[in-house]
Amino acid sequence: MAEDLTIRNAKIDDIDDVTELDARITGLKKHAYWKDMYARYGQRDKRFFLVATDQDHKLNGYIIGEVRAWEFGSPPSGWIFAIGVDPDCRLNKVGSRMFDAMTDCLSKTGVDTVRTMLARDDELNMAFFRSQGMMGGPFIQLEMPISGQRMQGSHV
Amino acid sequence: MRLQKATRCALFAVLELAQDPEQQITAADIADKYQISVNHLAKVLRDLARAGLVTPMRGAGGGYRLQANPKRTTLFEIIQLFEDFGHDIQNRAEDGDHSDIGQALKQVTNEIDNIAISTMKSITLSTLLKRVAMNAEKKPGNL
């Protein structure tokens, strides 16, 4: 139940559980990656690595965010770039509680906007973030293969 | 993006019913509220019932009730019943597709379609109703 959840800063001891949970969701076990994420986002100013645990201290989810500043003219804003919820705990408001805790953390740094970026076909996460009130923002993600042929006549 | 009249009628009807899935509302009441043709709406409601999104109620009062799960049903599921909209349209051959310019234009229009489709697929009825409530709170006088 959501009211039995504790949302707190991640500790190094949580990384094994985060790795396992991510592996259950994505099918990829990336322990070194999560250890590095903890080093970069779990212990630094304006960076937040939060976890949700239940009464039995079992990991139910994790969320990572930070403040990013002045990217292509954007004033500092919060970014959420990782979220995972134990599939067995979905629909228990774990994601919503972590999202609220993250926006509280970001808001305390002085930013008033939170952003994220997702794959277009990631319907689960897209629907989650929209259910929290997020909408399409003023930025558009663009990409191209670096090895691909550049278009002729570029003026930039 | 401009939706066809039938699509807008369907969205109004489903979202009106989703505000309280236990209630039953007549086509006339919905048509009156949104100032749309009751005959047009009645036809749209029959299509929605055939798709399993609403249920026609028999007996005193009649009307319709929501059958879909508002937390699981997206705007896309309703829109695609009435619009020629989706991946099928992207694969349909059009004049000039064989040309270099036609192919480059197709890439651009497909990009626009893909963004629109993913937007519609990610917004559930519940999410849209939350936004309705949020907008109402922001209105002057509701501070």
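Against which elements of chain B do the buried residues of α1(B) pack? The model examined here is predicted, so local features are described only at pLDDT of at least 70 and side-chain atom pairs only at pLDDT 80 or more, whereas totals for chains, interfaces and linings use all residues. Residues are numbered from 1 along each chain as its sequence is written, and chains are lettered from A and ligands numbered from 1 in the order in which they are written.

The buried residues of α1(B) pack against α2 (27-34), α3 (38-50), β1 (54-56), β2 (64-66), α4 (75-82) and α7 of chain B. Elements are DSSP runs numbered from the N terminus, with helices (H or I) of at least four residues and strands (E) of at least two. A residue is termed buried if 20 or more other C-beta atoms lie within 10 Å of its own, exposed if 12 or fewer do, and partly exposed in between, with C-beta atoms placed from the backbone. Two residues are in contact if these C-beta atoms lie within 7 Å.

Helix α1(B) comprises 14 residues and reaches 20 Å from its first C-alpha to its last, close to the 20 Å expected at 1.5 Å a residue; the expected span is 1.5 Å times one less than the number of residues. Its buried residues are B:C9, B:A10, B:A13, B:V14, B:L17 and B:A18. Seen down the axis of α1(B), they fall within an arc of 160° and so line one face of the helix, the arc being that of the directions from the helix axis to the C-beta atoms. B:A18 is buried because 21 other C-beta atoms lie within 10 Å. Residues up to four places away in sequence aside, B:A18 touches B:L66, B:P70, B:L125 and B:L129.

Chain A contains 4 helices and 5 strands, which follow the order β-α-α-β-β-β-α-β-α from the N terminus. Of the 156 residues in chain A, 29% are buried. Strand β2 (residues 47-53) of chain A has 5 of its 7 residues buried, so it is largely enclosed by the rest of the structure. Strand β1 (residues 6-9) of chain A runs antiparallel to β2(A), joined by 4 bridges, and A:N9 has A:L50 as its bridge partner. β2(A) also pairs in the antiparallel sense with β3 (residues 59-68) of chain A, over 7 bridges; pairing requires at least two DSSP bridges between the strands. A:A52 stands opposite A:G61 in β3(A). The hairpin formed by β2(A) and β3(A) has 5 residues between the strands, and A:H57 in the turn has a positive phi of about 65°.

At the interface, 11 residues of chain B are in contact with 9 residues of chain A. On the chain B side, α6 (100-122) and α7 (125-138) are the elements that give two or more residues, and α6(B) gives the most, with 5 residues.
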